[in-house]
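We will go from one stop to the next, and at each one you select something and look.

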Amino acid sequence: MFFVEEQYLNTQIQIDQSISTHTANHHQPITRIECLESERLDFLPHYFGDACVAFENRLYAFAQFLLPEYTGGYWSFHHLSNKGCLSALERDEDSTLLLVSPNGFNARMDAVAASIVVNLMTMSDLSFALQHQPSLCAQVSRLFHALRDYALEHPKVNDILAAID
């Protein structure tokens, strides 16, 4: 562990050096398990605490911004084995979505890959909005890195990374 001085609040927050679980020695794949229907109401508060509504609103806004074909839909919630999470837009398994990133990247992606991009951009944006709330900011940052580690194992990893670069 080490400490970083948070400029805006002149306080010290503790940062876990092992924020990324993806290493060269990482042999066990990160798995995702869909949240039970009975747990859906508690899913976002469990992961995002007081920022759960802000995350959800940003998620839908980023989906609309990044996915020109997005007109709403059902989002399934998934727990990741590395303590991360994913909200995934439900689509037919063989369907694709056009993803247009502000960095110039655009490609068709399956719903899970597109959802990973939308979630990563949402978490990044939210972490900046929470910079004055160090514990929530650290939590969202940890979730970002856990999801990014999961993305590193996805078959479309190159497209995902190109979209968020």
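**Stop 1: a methionine in a helix**

Select M121, which lies in helix α3. Helices (H or I, at least four residues) and strands (E, at least two) are DSSP runs, numbered from the N terminus. This is a predicted model: local features need pLDDT of at least 70, side-chain atom pairs count only at pLDDT 80 or more, and totals for chains, interfaces and linings use all residues. Residues are numbered from 1 along each chain as its sequence is written, and side-chain values use heavy atoms, with hydrogens and water left out.

Is M121 buried or exposed? M121 counts as buried, because its relative accessibility is 13%. The cut-offs are these: buried means under 20% relative accessible area, exposed over 50%, and partly exposed in between (1.4 Å probe, protein chains only).

Now show what M121 touches. Leaving out residues up to four places away in sequence, its contacts are F62, L66, S101, P102, A163 and I164. A contact means heavy atoms within 4.5 Å. M121 and F144 are 23 residues apart in sequence, and their C-alpha atoms are 8.8 Å apart in space.

**Stop 2: the whole chain**

Zoom out and colour by secondary structure. The chain has 5 helices and 7 strands. Follow the sequence and you read β-β-β-α-α-β-β-β-β-α-α-α. Of the 165 residues in the chain, 40% are buried. Take the contacts between residues at least 6 apart in sequence: 65% of them join residues at least 24 apart.

**Stop 3: helix α1**

Select residues 40-48, helix α1. Which residues of α1 are buried? They are R40, F43, L44, Y47 and F48. These residues sit on the same side of α1 because they cover an arc of only 85 degrees around the axis. The arc is that of the directions from the helix axis to the C-beta atoms.

Turn the helix around. On the other side of α1, you find L41, D42 and H46 exposed.

Next, show the partners of the buried residues. They pack against α2 (52-66), β4 (75-80), β5 (85-89), α3 (111-129) and α4 (134-151). Then step off the end of the helix. G49 follows α1, and its phi is positive, near 55 degrees.

**Stop 4**

Select β4. Of its 6 residues, 5 are buried, so the strand is mostly covered. Two strands pair if DSSP finds at least two bridges between them.

Look at one partner, strand β3 (residues 32-34). β3 and β4 pair in the antiparallel sense over 3 bridges. Pick E34 and you find H78 of β4 opposite.

Move to another partner, β5. β4 and β5 run antiparallel and are joined by 5 bridges. Here H79 stands opposite C85 in β5.

Stay with C85 for a moment. C85 is buried, with a relative accessible area of 2%. Now select C52, also buried, at 16%. How many disulfides are there? The count is 0, where a disulfide is a pair of cysteine sulfur atoms within 2.5 Å.

**Stop 5: the turn at K83**

β4 and β5 form a hairpin with 4 residues between them. Select K83, in the loop between these two strands. Its phi is near 75 degrees, a positive value in a residue other than glycine. Most residues other than glycine have a negative phi. K83 is exposed, with a relative accessible area of 60%.

**Stop 6: a second hairpin**

Select β6 (residues 96-100) and β7 (residues 106-110). They run antiparallel, joined by 5 bridges. L97 has M109 of β7 as its bridge partner. Between the two strands of this hairpin lie 5 residues, and G104 in the turn has a positive phi of about 100 degrees.

Show the side chains of β7. A107 and M109 make up the covered face, while N106, R108 and D110 make up the uncovered one.
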